[in-house]
Amino acid sequence: METLTCPRCGAELQTRSISSSLGEAAVSSCPDGHGVFLARPDLGALIEAESDWHAHAGQHTAPMPRITPDMTAPPVTKLPARAWVETLFD
């Protein structure tokens, strides 16, 4: 497996395995705190584990949306205008 580097500082990412109720996910992080990186299926597994936790935590929490490996990013959309005047300067 190739070594991953941080896109911001170039440091070698530290990869660790996180166990959840749905299996394991590989999480890579920058040692200088510039970010956390993971594959879409691993993100989906962590979100599923988070949703399971919320399901058993009570009424005051809400589960995360389900993410699957076959999903694509949503289309880029323009933010709605905050006021009618703002629409004049599009």
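## Asp42 and its surroundings

Leaving out neighbours within four places in sequence, Asp42 is in contact with Glu24, Ala25 and Ala26 (contact here means heavy atoms within 4.5 Å). Asp42 itself sits in helix α1, residues 40–57. Helices are DSSP runs of H or I with at least four residues, strands are E runs of at least two, and both are numbered from the N terminus.

What about charge partners for Asp42? Asp42 is buried yet has no salt bridge, and the nearest side chain of opposite charge, Arg40, is 11 Å away. For the terms: buried is under 20% relative accessible area, exposed is over 50% and partly exposed is in between, with a 1.4 Å probe and protein chains only. A salt bridge needs a side-chain nitrogen of Lys or Arg within 4 Å of a carboxyl oxygen of Asp or Glu. Lys and Arg count as positive, Asp and Glu as negative, while His and the chain ends are not counted.

## What you're looking at

This is a predicted model, where local features need pLDDT of at least 70, side-chain atom pairs count only at pLDDT 80 or more, and totals for chains, interfaces and linings use all residues. Residues are numbered from 1 along each chain as its sequence is written, and side-chain values use heavy atoms, with hydrogens and water left out.

The protein chain has two helices and three strands, running β-β-β-α-α from the N terminus on. Of its 90 residues, 18% count as buried. The accessible surface of the chain comes to about 7300 Å², and carbon and sulfur atoms own 58% of that; areas come from the Shrake-Rupley method with a 1.4 Å probe, and for residues only the protein chains shown count as cover. As for contacts with a separation of 6 or more, residues 24 or more positions apart account for 27% of them.

Ser29 belongs to strand β2, residues 23–29, and is partly exposed at 22% relative accessibility. Not counting residues up to four places away in sequence, Ser29 touches Leu13, Gln14, Gly35 and Val36.

Over in strand β3 you'll find Phe37, partly exposed at 29%. Beyond neighbours within four places in sequence, Phe37 is in contact with Pro7, Leu13, Val27 and Ser28. One of these, Val27, is 10 residues away along the chain, and its C-alpha is 6.1 Å from that of Phe37.

Val36 also lies in strand β3, residues 36–37, but is exposed, with a relative accessible area of 54%. Val36, Leu38 and Leu43 form a nonpolar patch on the surface, with about 230 Å² of accessible area together. Patch members need over 30% relative accessible area and no salt bridge; like charges are joined within 9 Å, and nonpolar side chains (Val, Leu, Ile, Met, Phe, Trp, Tyr) within 5 Å.

## The cysteines

How many disulfides are there? Counting a disulfide as a pair of cysteine sulfur atoms within 2.5 Å, the total is zero. Cys6 is in no disulfide, and the nearest cysteine sulfur, that of Cys30, is 3.8 Å away. Cys6 counts as buried at 3% relative accessibility.

Cys9 is partly exposed, with a relative accessible area of 36%.
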